[in-house]
Amino acid sequence: MLDHVHEAQRPLAGGRALDLEEPLLFEIGRTEVSGVDLDEPAPHASQLGGLERKMPIGLPGLSEPETMRHFVRLSRLNYSIDAGLYPLGSCTMKHNPRLNEKMARLSGFADIHPLQPQSTVQGALELMRQLADWLLKLTNMEAIALSPKAGAHGESCGLMAIKAAIAAKGEGETRRTVLVPQSAHGTNPASAALLGFTAQPVPAGPDGILHFEDVEKLIGPHVAAIMLTNPNTCGLFERDAGRIAEAVHAAGGYFYCDGANFNALAGLTRPGDFGVDAMHLNLHKTFSTPHGGGGPGAGPVVLSRRLAPFAPAPALVQDGANLRLVEDGQGFGRMTAFHGQMGMFVRALAYMLAHGGDGLRQASSDAVLSANYLRAALSDLMTQPFGDRACMHEALFDEEWLSGTGVSTLDFAKALIDEGYHPMTIYFPLVAHGAMLIEPTESQPKAALDAFVATLRRLGARALAKEAAAFREAPLHAPRRRLDETQAARKPVLRWTHKAG
Amino acid sequence: MRYHPLTSADREAMLAAIGFASFEDLFTEATGTPPLTGDLGLPPGKSEVEVERHLLRLAENNLSASRAPFFLGAGAYRHHIPASVDHLIQRSEFLTSYTPYQPEISQGTLQHLFEFQTQVALLTGMEIANASMYDGSTACAEAMLMAHRLTKRRKALLSGGLHPHYAKVAGTVARMAGDEIMLAPPDVTASEDLIGKIDDSLSCVIVQTPDFFGNLRDLSGIAEACRRHGALLVAVFTEAVSLGLVTPPGEMGADIVVGEGQSIGNALNFGGPYVGLFATREKYMRQMPGRLCGETQDLDGRRGFVLTLATREQHIRRDKATSNICTNSGLCALAFSIHLTLLGEVGLRKLARVNHANAVLLKERLAELDGVEILNKAFFNEFTLRLKGDAARIVEALARRGVLAGVPVSRLLPGAGLDDLLLVAITELNTDDDRTALVTGLKEII
């Protein structure tokens, strides 16, 4: 039975109790309304050189109470970590401490300009130095570039350092291949291609990880680097990473490690110990800076001794009693204006200070333990593409167990929404058929994990009982039912436009 | 540890449930190597009070703009941010949600992005905009790459008025990708002849207005020349508030408009996080980088929003993607949107007017000083002074007196022979006392 809202029970005006509809800003705002009171400009003679705006902009405004209501209502249409389990694999939806928000807003951090005299921002530079120190100790690496703005930007940074190092050896024309496992994040081949490298896919073994023998065959003088995610996107540790690194090094290439999953390793093992030359750290994953509905991220890159000379500008150096940013003539150049995501540095350092070294180790341990707990509790019901083996911080399932039920991974995920959960990551990594990638993180109490398992099992039983029709209707209780993505892409409407009449 | 819900008893029970005697055993099974157990050389955890104390000490060792007359710009501007902006972006549902991959439970983020895209398109005078980039400088480099894709040419001409960091970022990307860049020499007074340099080999011309030195530029002539030669005009701005008062790039014929959105809704934050704005013509939609949000309907026919045109993006197209960008600058874009909603058209116009008025008044007072020459004819809220003396040294001396006087051009263009130039920006936050402090300070030092 579908519990579709009966026609007579439909809301009269769009809202129902706490479930409130909200029009677009452009449907309720008025260009003559403002929620900000400003002083009148002082009398002056314009010096705009005849470039004054003549046409209206068409920007609607709202008074302050209307603005609050508009955005509060919008916020209530979102799921969030604070509200419930958000087990998106590969995304690391862990608790975001509010102390970090408070610290980032201290005027000594939030209200300083990136180009103030360096003598007036020694505290900020010291914060960057401390952050760098923590990250280098956790990874056992030699140097760090703090400026990359996000993970993919960090990938660009690492690959640029590699490219510069190769060019310095006079091998720029010959080393043009980057080996990328098929399970890699899409950003890896995209980053390689952006820099003019050819991304060559590397197949994993039947156990979901790379095997030295398979990779060794692909290594040669044409290989600039291998990009490896460790643990990989299947949640499995690449055991041969160290041997692969040695072979790549012996052949004159470099080892880029995608550090998106460093939250499984912090305090437990160090990338510098398995031969990494460059690795980005997603501060918004491992170090809890908030995801904010899709950013901003932050992606500092740690570098090995071999790549340290090629680190981009700016670089932080000790200059007598002071710290100094070297802003020019550094490594391969500049990746972004200014010095990086300072607001995220404050939050990440606050997170690390709160944890301490042992606390970070505990966080990684709990993340791995929780993922394995879910894996074990579901392994008799759901199928795993690479067998039932100990995983790292996330557990990967496929849709083999649903075959013949008429229920797809997508249907299953949408049914989870109706049960009050954000679904796991679905259809990624591509190497698993109908992937469901579950990452609980260390932030869940055991009772929440147990409740989630119970829900998955009940839903699973319904799927196996072939109630596919009900699954295909899901979600029924979300602010929207399934949305037509085909229509969105076929006839894109990317902005509001005034409709006549 | 206060952030960890699992107790020792929980951990033991969970290990038992999965059949391991200890976490070390589990980790060894998963990785083939036992975990590190020794000292990491890192301090022990701190209580909330201790963390606060530690960071407060660092924060206090910075001279914040709220404690000094402040005149810095050069790509980052200090404006007032209404309290409701910061409150709203800290709502759990905005702060602690992910990229809206499950649209049924992410309509808040998606509708906001749709509104943001519309606001950016309106502000820039363009047809469409994306859901934001990392910042203005990376948006600028992405615009160059997009122009390469659209024109199938690989050479860009960069104006000497472009922010030097933006030029360097584009230069890095170009050098790494094997593309060519022609960077015009620093153009302090907006008198360069770009039109004469445009030919059929260019993919794009990148020009900033208000430019790095504060000059407003009319782009129509360059747009016309670009059209004749099949190149695209990429217009850049770093001060979004200016768009409330000056002719938007879209009206001057720009094909792609990129800029820094920080100055609406976002604090200085020592350089980041900021929000890159990216707008273009509808016909170039499928070559745009970054996330796009589009309108559609749900199964019941109700309007809703989804991320769309993902076939451009790295998670689908991998090495054939338009960009490797994966995130946008979501929360900063939200702050931008909320502030712009509060301002509305009348508020933004008035805010821009106040900024310009303050700049005109400051310019008049500075022009009276001996040893100070003002180089701009047309400007918005920032202009360039030629000082008798080294600008960086003068700025340092003023900082010691508690005045943050501006950005010496040599900070961004070292060795360019522009050591006597100082960029001064002023906003609605500067008071009469601030202006007097700057004027008096400069007078005494020069």
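Predicted model: local features only at pLDDT ≥ 70, side-chain atom pairs only at ≥ 80, totals over all residues.
Biologist: How many residues of domain 3 of chain B are in contact with domain 2 of chain B?
Modeller: Residues are numbered from 1 along each chain as its sequence is written, while chains are lettered from A and ligands numbered from 1 in the order in which they are written. Two residues are in contact if their C-beta atoms, placed from the backbone, lie within 7 Å. With that rule, domain 2 of chain B brings 30 residues to the contact, and the count from domain 3 of chain B is 30.

Biologist: Which element gives the most to the side of domain 2 of chain B that touches domain 3 of chain B?
Modeller: Helices (H or I, at least four residues) and strands (E, at least two) are DSSP runs, numbered from the N terminus. On this side, α11 (330-367), β11 (382-387) and β13 (421-425) of chain B each supply at least two residues. The top contributor, with 7 residues, is α11(B).

Biologist: What distance separates the centres of domain 2 of chain B and domain 3 of chain B?
Modeller: The bounds come from an automatic or database domain assignment, which gives domain 2 as 67-81 + 345-445 and domain 3 as 83-339 in chain B. Taken over C-alpha atoms, the separation of these two centres is 27 Å.

Biologist: Let's look at the sheet in chain B. Which strands are at its edges?
Modeller: Two strands pair if DSSP finds at least two bridges between them. In chain B, 7 strands form an open sheet with mixed pairing, in the order β1-β7-β6-β5-β4-β2-β3. The strands that pair on one side only are β1 (128-129) and β3 (180-183).

Biologist: Which residue of β4(B) is the bridge partner of B:Leu158?
Modeller: Strands β2 (residues 155-158) and β4 (residues 204-208) of chain B run parallel and are joined by 3 bridges. Across from B:Leu158, the partner is B:Ile206.

Biologist: Nice! Now the two chains: which helix supplies the largest share of the side of chain A that touches chain B?
Modeller: The contact takes 168 residues from chain B and 171 residues from chain A. On the side of chain A, 21 residues come from the biggest contributor, helix α10 (residues 342-378).

Biologist: What is the orientation of α5(A) and α3(B) to each other?
Modeller: Axes are lines fitted to C-alpha atoms, for helices over the stretch in contact, and angles run from 0 to 180 degrees between N-to-C directions. Here α5 (residues 122-139) of chain A and α3 (residues 48-60) of chain B have axes that come within 6 Å and cross at roughly 135°. Angles under 35 degrees count as roughly parallel, over 145 as roughly antiparallel, 65 to 115 as roughly perpendicular and the rest as oblique. The two helices, α5(A) and α3(B), are therefore oblique.

Biologist: Which residues of α3(B) does α5(A) meet?
Modeller: From α5(A), the partners are A:Gly123, A:Glu126 and A:Leu127. Facing them in α3(B) are B:Leu58, B:Ala59 and B:Glu60.
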